[in-house]
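Welcome, and please open the model in your viewer with side chains shown. We will walk through some charged pairs, one selection at a time.

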Amino acid sequence: MTTPPAGVWLITPGHTPARFTSAHAAGADVALVDLEDSVPPAAKPTARTTARAFFTQPDIPVGCTLGIRINALTTREAIQDLAVLADYPVPPAIVLIPKVEAPCDLDVVAAALDASGHRPLLYGLIETPQAVQNLSEIVCSEHLSGLLFGTADYARSVGSTRAWEPMLYARSALVTHAAAAGVPVIDSPYFDLDDQDGLHAEAVRVRDLGFRGKSCVHPRQVATVAEVFRPTPEQVAHARAVVAAAEDAAGSIVRIGHQMIGPPMVQDARDLLARTSTAETIAEVTP
């Protein structure tokens, strides 16, 4: 895979194989099996073993990219994770690295996996003030495919709540640096499983801020996030109309309905159509 996936991400604990099938079938664009925060310390050895089945189960839906979140590189667990990954019969397409604070974190994982011939897409999980301060360096890593934001650890690090205002600076920084590097950025999960309205509202806010997707911690959240991040047929039709009008006008500013459409809006329309085309292509070629 050469195009880093965005959209809806779902994270499932690696020590609960009974949940793997439902995670695959939930309708997420990316399904991650977790070896880190959702796995108790005593269960981590078991999670490394059972997580193999996450990538080998039959009937994995077309268009669902599978990945894994390893433990933080400052722990012994991460070393064991990387060693075990080299022996997985089906390697993850994505490896999510928590607590990334410098480009060398990506270098270490890339070198460890490359030794076994495994070259997944590497996503860095930004969870600390140090990471936000170092974003300009992190996004320059040749190994980086995308970023995720972790509000829980970030809020704990700065001593704030996870409310919108305290998290806005970090979210804005992630969007800005990811856009400058041309990589997608995925937002943190929403942790109140029974508040679908709150989830929808936060998903709309981060989408409007520039995030390309949002992660989920339960399958019941997937449909709500998908509604926000996947283009509707009406949006696709409008984008096609914008591009067609711009091409007819040879690049000049045009009017569609009540809107004046200039080059930035045309490029937005082209980007939306490109994302839609990529998603359709992945769905067609994924076995």
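Is Asp-114 buried, partly exposed or exposed? Select Asp-114 to begin: in this predicted model, its relative accessibility is 33%, so Asp-114 counts as partly exposed. Arg-119 itself is exposed, at a relative accessible area of 70%.

Next, select Lys-99 and Glu-127, whose side chains meet in a salt bridge at 3.5 Å, N to O. Lys-99 sits in the loop between strand 4 (94–97) and helix 4 (103–114), while Glu-127 sits in the loop between strand 5 (121–126) and helix 5 (129–133), so this pair ties together parts 28 residues apart in sequence. Colour the two by accessibility if you like: Lys-99 is partly exposed at 23%, whereas Glu-127 is buried at 2%.

For the last stop, pick Arg-230 and Asp-29, where a salt bridge joins the side chains at 3.2 Å, N to O. Arg-230 belongs to the loop between helix 10 (222–229) and helix 11 (233–248), and Asp-29 to the loop between helix 1 (20–25) and strand 2 (30–34), so the pair ties together parts that are 201 residues apart in sequence. Arg-230 counts as partly exposed, with 33% relative accessibility.

How many salt bridges are there to explore? The count comes to 16.

Note on methods:
Residues are numbered from 1 along each chain as its sequence is written. This is a predicted model: local features need pLDDT of at least 70, side-chain atom pairs count only at pLDDT 80 or more; totals for chains, interfaces and linings use all residues. Side-chain values use heavy atoms; hydrogens and water are left out. A salt bridge is a side-chain nitrogen of Lys or Arg within 4 Å of a carboxyl oxygen of Asp or Glu. Helices (H or I, at least four residues) and strands (E, at least two) are DSSP runs, numbered from the N terminus. Buried means under 20% relative accessible area, exposed over 50%, partly exposed in between (1.4 Å probe, protein chains only).
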